[in-house]
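Me: I have a structure open and I'm new to it. Can you walk me through what is there?

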Amino acid sequence: MRELIMTNDLVLISYVEALLADQGIEAVVFDRNISLMEGSIGAFPRRVVVPEDSWFRASRILRDAGLGEWVIEHERL
């Protein structure tokens, strides 16, 4: 799994999940339930992750949708 975006914006997360699901890419939101610990103040960003082999396609989908600024670029080792 590889991080695609990190944000506190729950609407953005829902939109990204819908965009990716529409293209058959499974996305998982990490830290979704952290709000139970933080009291729903939005202090901890949620991470949307996708399978490693789908990351480039998923990042292209987000860029094409005008969300490129949210894509987390990782250094390749």
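Reply: Here is a short tour, from the overall layout down to single residues.

Reply: This is a predicted model, where local features need pLDDT of at least 70, side-chain atom pairs count only at pLDDT 80 or more, and totals for chains, interfaces and linings use all residues. Residues are numbered from 1 along each chain as its sequence is written, and side-chain values use heavy atoms, with hydrogens and water left out.

Me: What is the mean pLDDT of the chain?

Reply: The mean is 89, and 86% of the residues reach 70 or more. pLDDT is the predictor's confidence in each residue, from 0 to 100.

Me: Which elements have the lowest and highest mean pLDDT?

Reply: Helix H2 (residues 35-38) has the lowest, at 63. Helix H3 (residues 55-64) has the highest, at 97.

Me: OK, layout. How many helices and strands are there?

Reply: Three helices and three strands. Along the sequence they follow the pattern β-α-β-α-β-α. Helices (H or I, at least four residues) and strands (E, at least two) are DSSP runs, numbered from the N terminus.

Me: Which strands pair up?

Reply: Strand E1 (residues 2-7) runs antiparallel to E3, joined by five bridges. In that pairing, Ile5 stands opposite Val48. Strand E2 (residues 28-30) also pairs with E3 in the antiparallel sense, over three bridges. There, Val28 has Val49 as its bridge partner. Two strands count as paired if DSSP finds at least two bridges between them.

Me: Why is E3 largely enclosed?

Reply: Four of the five residues of E3 (residues 46-50) are buried, so the rest of the structure largely encloses this strand. Buried means under 20% relative accessible area, exposed over 50%, and partly exposed in between (1.4 Å probe, protein chains only).

Me: And how much of the chain is buried?

Reply: Of its 77 residues, 34% count as buried.

Me: What does Leu4 touch?

Reply: Leaving out residues up to four places away in sequence, its contacts include Leu20, Val50, Trp55, Leu62 and Trp70. Contact means heavy atoms within 4.5 Å.

Me: Switching to H3. Which of its residues are buried?

Reply: Trp55, Ala58, Ser59, Ile61 and Leu62. Seen down the axis of H3, they fall within an arc of 155°, so they line one face of the helix. That arc is taken from the directions from the helix axis to the C-beta atoms. The buried residues of H3 pack against E1, H1 and E3.

Me: What sits on the face turned away?

Reply: The exposed residues Phe56 and Asp64. Just after H3, Gly66 takes a positive phi of about 80°.

Me: Last one. Where is Ile34?

Reply: Ile34 is in the loop between E2 and H2. This residue is partly exposed, with a relative accessible area of 25%. Setting aside neighbours within four places in sequence, Ile34 is in contact with Phe44 and Arg46. Ile34 and Pro45 are eleven residues apart in sequence and 8.9 Å apart in space, C-alpha to C-alpha.
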